[in-house]
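Subject: Structure handover and notes

Hello,

I am passing on the structure we spoke about.

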Amino acid sequence: MNNNRNVYTFEDYKCTPDPVFAVERECLEPCPAPIVVDNGSFQCRAGWASGAAQCDRPRLVFRSAAARSRGAARSDAHVGNDIASVEPLRWSLKSAFDRDAVVNFDIQELIFDYIFMHLGINTQGHVDHPVVVTEPVCNPLHCRQMMSELLFEGYGVPRVAYGVDSLFSFYCNSDGAALPPTGLVVSSGYHCSHVLPVINGRLDSVNCKRVNLGGGQAASYLQRLLQLKYPANQPSLTLSRMEELLHRHSYIAPDYQQELENWRSPVFYEKEVHRVQLPFSGRTAGVCVSAEERSERRAQQLRRLQEINSRRREEKLQEDQKRLETLLSVQELLEDGSLELFHRSLVELNMDSAEELQSYIQKLSMSVEQHRLMKPETAEVEPPADEGNETETDLNEENEEPSKTTSANQPMFNMAEYHQLFVGTERLRVPEILFQPSLIGEEQMGLMETLQFVLEQYSPEQQEALVKNVFLTGGNMQYPGLKERVQRDLLAIRPFQSHFKVSLASRPALDAWFGAREWALRSPAEDQGWISRQDYEENGGEYLREHCASNTFIPMKLNKPTPAAKHTLMGKLATDTSLPDTISNDTDNDITLS
């Protein structure tokens, strides 16, 4: 798989700001084209559901996060690709998600602003295009209510459709079938993984299961492993680089225990280990310098010392001249007969008598004359007091090097290898947490155990139909060897001579958007699945029109009170003087929770 002499480098991808696109005519005529938003917890993808050739891919792909300093204005927030580098701002990054559900709608509003602005929508105060938004499996009614309120009230969209991202991907890869009858969807994203049974073309939400593990937990686990392995390089082991290592170097072992045994072999290790170079400053080749380089370095040091000594001599000459002028002015006071002022000046100069003053004047005069007559090229090279020790040590090392018996080309400490990561068993240990969450201390079932549990909820005939269409999708399903591992584990789960088929999405991270786009192109405004503004106003924000890739809408209602409880309640209301006199008796009506 890898030549051990190859050294990989980190790309350290920097985001570039997205341009503001112009809306194509095909997106406006004969009617406004829908906007498709794959609202993922790690990346958000947005584009048009139009038949135009330039609209066949997402226009915007950016990280679902915003960064805003404390107390900064809303307009100062950086969203998505406006954040060039994530790591310096990771402390201030804010996400709209808690696991896979949208809970922070201030950040979600910033993301919608970013999408509509960069797609070129310039209608003030409203968006005239329908919107298709992906949502998690079994999305809480409150989250959908807040999302509908934001889209209808905040942006004035004409209609909205919601669908599950993994189901959109499932139907996108269904070979053109409008309604695949039965299948088992296994998805894994940044925060969560899901096992979703689809029976007769509709999601069986009762038996859906979630595993709270995904790419985010894998990146954190890899970071901890490498920080323990390379404690001196901890600042360089950022989460962004760990995500890059996961995507480029990790793989799923078909047999985890056997693969670990293979890694015990030194030959296997040297063949399969990936060396990844961390950035560092300094000489890239740790070898001894040649004789020519030593001579050049010594000449540079001598020139530097001469310049320093010349500058210091000039400064000392100026100081001596200034002090000599001061002493001569004091001596003139004595010659002029100003004895009182002369004695006061001697006290300020810390001198006791005129003889001492005369002695200092003679010494300074001789020193100034010597400095003037001295030529810089004949002066001895005297290192300054604060740099002498360092320079003397360097010169002594240079003088001692020719006497050493070692060769000039003998390698010394290699700085480049010191900053290399040897990624060995981490390549398979980290993605293994999908199948063994106990590796990171999580007390929950792995992905295949969850799949087995879901299958056990059905009859043998339904199980046979489900396993004939096991579909893998999601950004965390792109590890090499994942499909083979699922097939091997499924073979161990299923009875003898049973048949099954496992398929992987053609674009695991993007097929949710492509599936939502195809659904929007096939579903006109009057088709089932769209929620109009009238539906929103009549049924509430949590209302959902079901379609082939949607959740199941199960409105929650309060139970009606019994007659005895009803009379007790009315009696309490009648005796409570803090309430208004007129009370509407609506207890017989069902109350829908938001």
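The notes below start with the whole chain and then go through its parts.

This is a predicted model, in which local features need pLDDT of at least 70 and side-chain atom pairs count only at pLDDT 80 or more, while totals for chains, interfaces and linings use all residues. Residues are numbered from 1 along each chain as its sequence is written, and side-chain values use heavy atoms, with hydrogens and water left out.

Whole chain

The protein chain has 19 helices and 20 strands. Helices (H or I, at least four residues) and strands (E, at least two) are DSSP runs, numbered from the N terminus. Of the 594 residues in the protein chain, 43% are buried. Buried stands for under 20% relative accessible area, exposed for over 50%, and partly exposed for what lies in between (1.4 Å probe, protein chains only). Among contacts in the protein chain with a separation of 6 or more, 73% are between residues 24 or more positions apart; a contact means heavy atoms within 4.5 Å.

The six-strand sheet

An open sheet of six strands has the order β4-β3-β2-β10-β11-β20, and its pairing is mixed. The edges are β4 (60–63) and β20 (531–532); each has a single partner strand, so one side of each has no neighbour in the sheet. Two strands count as paired if DSSP finds at least two bridges between them. Strands β2 (residues 35–39) and β10 (residues 131–135) run parallel and are joined by three bridges, with V37 opposite V133 in β10. Helix α1 (residues 105–118) lies across β2, β3 (43–48), β4 and β10, and runs at about 150° to β4. For that angle, axes are lines fitted to C-alpha atoms, for helices over the stretch in contact, and angles run from 0 to 180 degrees between N-to-C directions.

S523 is buried, with a relative accessible area of 6%. Its side chain reaches the backbone oxygen of W519 at 2.9 Å. The rule for such a polar contact is a pair of N or O atoms within 3.5 Å; within protein, one must be able to donate a hydrogen and the other to accept it, and residues adjacent in sequence count only if both atoms are side-chain atoms.

All seven of the seven residues of β13 (residues 193–199) are buried, so the strand is largely enclosed by the rest of the structure. In a regular strand the side chains alternate between the two faces of the sheet. On one side of β13 the buried residues are S193, V195, P197 and I199, and on the other H194, L196 and V198, which leaves both faces covered.

Which strands pair with β13? Strand β12 (residues 183–188) is antiparallel to β13, with six bridges between them; G183 stands opposite V198. β12 and β13 form a hairpin with four residues between them. Strand β15 (residues 209–211) is also antiparallel to β13, over three bridges, and R210 in β15 stands opposite H194. Strand β14 (residues 202–203) pairs with β13 in the antiparallel sense over two bridges, with L203 as the bridge partner of V198. The hairpin of β13 and β14 has two residues between the strands, and N200 there takes a positive phi near 55°.

The three-strand sheet

Another open sheet has three strands in the order β6-β5-β7, with antiparallel pairing. Its edge strands, β6 (78–79) and β7, each pair on one side only. Two bridges join β5 (residues 66–67) to β6, where V79 is the bridge partner of A66. L93 lies in β7 (residues 93–94). L93 touches A65, A66, A67, I83 and V86, leaving aside residues up to four places away in sequence.

Helix α16

Helix α16 (residues 482–493) has 12 residues; at 1.5 Å a residue they should span 16 Å, and the end C-alpha atoms are 16 Å apart, which agrees. The expected span is 1.5 Å times one less than the number of residues. L482, R485, V486, D489 and L490 are the buried residues of α16. They cover an arc of only 130° around the axis, which puts them on the same side of α16; the arc is that of the directions from the helix axis to the C-beta atoms. Their cover includes α6 (256–263), α14 (447–455), β18 (470–473) and β19 (502–504).

Regards
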